[in-house]
Amino acid sequence: MKGTIVIRHNRIEVEGVQNALDAAMSAAGFTKASLFAVRLAFQEAIANAFNHGHKTLPHDTPATVEFSVSPHEVVIAIEDQGPGFQSETVADCTLDENLEIPRGRGVMLIRNYMTEVRYNAKGNRIEMVYRRPPPAA
Amino acid sequence: MPSADSRLRVRKHDAVVQVEFIDRNILDEANIQLISDEISRIIDQESAPKLLISFANVDHLSSAALGALITINNKVRNKSGQLRLASIDPQIYEVFVITRLNKLFQIHESPEDALKSFA
């Protein structure tokens, strides 16, 4: 299953995409743990797009979500209309001195839960791949 | 007292205020702000707050929710209070481990264990 959806910053539209992803992954036989991982990464990436990418843009500025779900992998791309950012400039939130800073964990969580994460040069498009883990021995 | 549109269940065990989330998913920033404001009001009402947050009903949370918890922790500490977390689903606990926030927060298996830990 694949699709491209243009969404605005409201809970109903975000949940609509999330529910479509959940349904497609369930139909493709992914486990609850896989759904958790992809849900978390999608929510963090879409929050970054709207809250940071579109920070200086009108609230109803849309972002584009492309996704494809196969039995082997889930690919999600989110493109916002903001100026872009460089993910390597985000401080390491796991350092002792940064543990109590309330922000800056989204990108790190995405990298932990997804198999591959890449950004375009401008930094306004994230592409994330989740590959089905090999079956437990 | 929680309002009719409260996102929390609140109960008192002597000096300890226990809060539980009504929502299964704590993802949406606006919702997180409401929850955070509500917990902040509880902290404001106590002189040295003893706060227990139970995640018994929670399936998902976002980094924004983690950020709100850090802010709540700072507020409690600034009032010489104590914060405990309990009943965190294993998948969500992994998020705390990945972010090392399991080192920052005192996390207990159950509310009963957490209640015993308050000084």
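## Notebook: two chains, sheet by sheet

I started on one pair of residues in chain A: A:Gly3 stands opposite A:Phe67 in β2(A). I note at the outset that this is a predicted model.

**Entry 1. The sheet of chain A**

β1(A) and strand β2 (residues 63-69) of chain A run antiparallel, and six bridges join them. I then traced the whole sheet. It is open, has five strands, and reads β1-β2-β3-β5-β4 in chain A. The pairing is antiparallel.

Which strands stand at the edges? I found β1 (2-7) and β4 (116-119) of chain A there. Each has a single partner strand, so one side of each is left without a neighbour in the sheet. I also looked up the twist, which averages 10° from one strand to the next.

**Entry 2. Chain A as a whole**

I listed the elements next. Chain A holds three helices and five strands. Along the sequence I read β-α-α-β-β-α-β-β.

The C-alpha atoms of chain A fill a box of roughly 40 × 40 × 25 Å along the principal axes. The radius of gyration of chain A is 15 Å. A compact globule with 137 residues would have a value near 14 Å, so chain A agrees with that.

**Entry 3. Helix α2 of chain A**

I wanted to know what α2(A) lies across. It lies across β2, β3 (73-79) and β5 (125-131) of chain A. Relative to β5(A), α2(A) runs at about 180°.

α2(A) also packs on another helix. Its partner is α3(A), at an angle of about 150° and with the axes 9 Å apart. Why do I call the two roughly antiparallel? Angles over 145 degrees count as roughly antiparallel, and that makes α2(A) roughly antiparallel to α3(A). The crossing of α2(A) and α3(A) is left-handed.

I wrote down the residues that meet. From α2(A) they are A:Ala37, A:Leu40, A:Ala41, A:Glu44, A:Ala45, A:Ala47 and A:Asn48. From α3(A) they are A:Gly106, A:Leu109, A:Ile110 and A:Tyr113. The residues of this contact divide into eight nonpolar, two polar and one charged.

**Entry 4. Where chain A touches chain B**

How many residues does each chain give to the contact? I get 20 residues from chain A and 19 residues from chain B. On the side of chain A, the elements giving two or more residues are α2 (32-53) and α3 (106-113). α2(A) provides the largest share of that side, eight residues. The chain A side divides into nine nonpolar, five polar and six charged residues.

I turned to its partner.

**Entry 5. The sheet of chain B**

I counted five helices and seven strands in chain B. From the N terminus on, the elements run β-β-β-α-β-β-α-β-α-α-β-α.

An open sheet of five strands is present, in the order β1-β2-β4-β6-β7 of chain B. Its pairing is mixed. β1 (8-13) and β7 (107-108) of chain B are the edge strands, and each pairs on one side only.

I looked inside the sheet at one pairing. Strand β2 (residues 16-21) and strand β4 (residues 50-54) of chain B pair in the parallel sense, over five bridges.

**Entry 6. A helix pair in chain B**

Helix α1 (residues 29-45) and helix α2 (residues 63-78) of chain B pack at an angle of about 15°. Their axes are 10 Å apart. That makes α1(B) roughly parallel to α2(B). α1(B) passes α2(B) in a right-handed crossing.

From α1(B), the residues in this contact include B:Ile32, B:Ile35, B:Ile39 and B:Ile43. From α2(B), they include B:Ala64, B:Ala65, B:Ala68, B:Ile72 and B:Val76. B:Glu29 in α1(B) and B:Lys75 in α2(B) also belong to the contact. The tally for this contact is nine nonpolar, three polar and two charged.

**Entry 7. Dimensions of chain B**

Last, I checked the extent of chain B. Its C-alpha trace spans about 30 × 30 × 25 Å along the principal axes. What is the radius of gyration of chain B? I have 13 Å. For 119 residues a compact globule would come near 14 Å, so chain B agrees.

Terms used:
Residues are numbered from 1 along each chain as its sequence is written. Chains are lettered from A and ligands numbered from 1 in the order in which they are written. This is a predicted model: local features need pLDDT of at least 70, side-chain atom pairs count only at pLDDT 80 or more; totals for chains, interfaces and linings use all residues. Two residues are in contact if their C-beta atoms, placed from the backbone, lie within 7 Å. Helices (H or I, at least four residues) and strands (E, at least two) are DSSP runs, numbered from the N terminus. Ala, Val, Leu, Ile, Met, Phe, Trp, Tyr, Cys and Pro count as nonpolar, Asp, Glu, Lys and Arg as charged, and the others, Gly among them, as polar. Axes are lines fitted to C-alpha atoms, for helices over the stretch in contact, and angles run from 0 to 180 degrees between N-to-C directions. Angles under 35 degrees count as roughly parallel, over 145 as roughly antiparallel, 65 to 115 as roughly perpendicular and the rest as oblique. A crossing is left-handed if the near helix is turned anticlockwise from the far one by less than a right angle, and right-handed if clockwise. Two strands pair if DSSP finds at least two bridges between them. The radius of gyration is taken over C-alpha atoms; the globule rule is 2.2 Å times the number of residues to the power 0.38.
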